[in-house]
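Here are some notes to read beside the structure. Please keep the model open and find each place as it comes up.

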Amino acid sequence: MGKEVGVAEHGSFTAKDYHDPPPAPLFDAKELTKWSFYRALIAEFIATLLFLYITVLTVIGYKSQIDTTAAHGGDQCGGVGILGIAWAFGGMIFVLVYCTAGISGGHINPAVTFGLFLARKVSMVRAIMYMVAQCLGAICGVGLVKAFQRSYYKKYGGGANELADGYSTRVGLAAEIIGTFVLVYTVFSATDPKRSARDSHVPVLAPLPIGFAVFMVHLATIPITGTGINPARSLGAAVIYNQEKAWDDQWIFWVGPFIGATIAAFYHQFILRAGAVEALGSFIATPMFDNCKKSLFFLCFLAND
């Protein structure tokens, strides 16, 4: 038998055919001396740059194709449509997570990094540096779009996330929280060591559901916020587009995803991956409890400011 799993009298497993990795240290200065750490930062930077370049270019291309006032005579039924935009975002995440998972973990999103940090999957040093690399990559990616599509970029909104007319701030914030919860929950489930042990023969299994999660969330929330669920994506577009509306709504695309990531981390780590009573009892004694508490207090402060 390749995997020895005993079953107890009441149906519980007496041995595991997988191993949970040890919690990442909160602060690990040794990472700063390793080339693998900087290689991961480069991978996150390039992946986020490519993600923003392809997706924002798709959004601007679609808007130019349906613009009936343009000289080329747009067709309102033309272009890739919302379905195509959603596929661009979801498809790029699938491709980029597949390419970078073995190097950096394929985060490509500060909300994903934040959720994994709360679950002690990455150290604080790595989490902060990943977020910086992701944001810089996003800014550069949108900058490339503007450089190649200068005549269309400002005219068609620069791919910036903004709360759509007719929707309240609460609705937009809720859409970002729920959308990011779906994404980060999928990331936790797809990369769970228990699942990986059983599905190791299918190397694309983790990137595929993550990409589909992004696709489905975009279908649901593009009409509301343009779909952020990725603070780096929203920041990169806002920096290059640099219009008041995009900046006024920017906090929604940070507070919402970070709250959604926090809820997803708690739900997966302490509800699904442990007995509820056991988990709640031990949770208070863990560093993650302090991280969650401080993060939620800070996010609520920003939301009420």
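1. Which residues in helix 6 meet which residues in helix 8? On the helix 6 side they are Val171, Gly172, Ala175, Glu176, Gly179, Val182, Leu183, Thr186, Val187 and Ala190. Their partners in helix 8 are Pro209, Ile210, Ala213, Val214, Val217, Thr221, Ile224 and Thr225. By type, the residues of this contact divide into 12 nonpolar, five polar and one charged.

2. Two packed helices are described by the angle between their axes and the distance between the axes. Here helix 6 covers residues 169-190 and helix 8 covers residues 207-225. Their axes come within 9 Å and cross at roughly 175°. Angles over 145 degrees count as roughly antiparallel, and helix 6 and helix 8 are therefore roughly antiparallel to each other.

3. Now the whole chain. The model is predicted. Its protein chain has 13 helices and zero strands. Of the 305 residues, 47% count as buried. The chain exposes about 15100 Å², and carbon and sulfur atoms supply 65% of that area. Among contacts in the chain with a separation of 6 or more, 76% are between residues 24 or more positions apart.

4. Asn161 sits in the loop between helix 5 (150-153) and helix 6. Asn161 and Gly228 are 67 residues apart in sequence, yet their C-alpha atoms are 6.4 Å apart in space. Leaving aside neighbours within four places in sequence, Asn161 is in contact with Thr225, Gly226, Thr227, Gly228, Arg233, Ser234, Ala246 and Phe253.

5. Is Asn161 buried or exposed? Its relative accessible area is 2%, so Asn161 is buried.

6. Arg120, in the loop between helix 3 (110-118) and helix 4 (124-148), has a positive phi of about 65° although it is not a glycine. Asn242, in the loop between helix 9 (231-241) and helix 10 (244-248), has a positive phi near 55° and is likewise a residue other than glycine.

7. How do Arg120 and Asn242 stand in accessibility? Buried means under 20% relative accessible area, so Arg120, at 19%, counts as buried. Asn242, at 48%, counts as partly exposed.

Notes:
Residues numbered from 1 in each chain as written. Predicted model: local features only at pLDDT ≥ 70, side-chain atom pairs only at ≥ 80, totals over all residues. Heavy atoms only, no water. Axes fitted to C-alpha atoms, helices over the stretch in contact; angles between N-to-C directions. Helix = DSSP H or I, 4+ residues; strand = E, 2+ residues; numbered from the N terminus. Parallel < 35°, antiparallel > 145°, perpendicular 65-115°, else oblique. Contact = heavy atoms within 4.5 Å. Nonpolar A, V, L, I, M, F, W, Y, C, P; charged D, E, K, R; others polar. Buried < 20%, exposed > 50% of the residue type's maximum accessible area, 1.4 Å probe, protein only. Areas by Shrake-Rupley, 256 points an atom, 1.4 Å probe, with all protein chains shown as cover.
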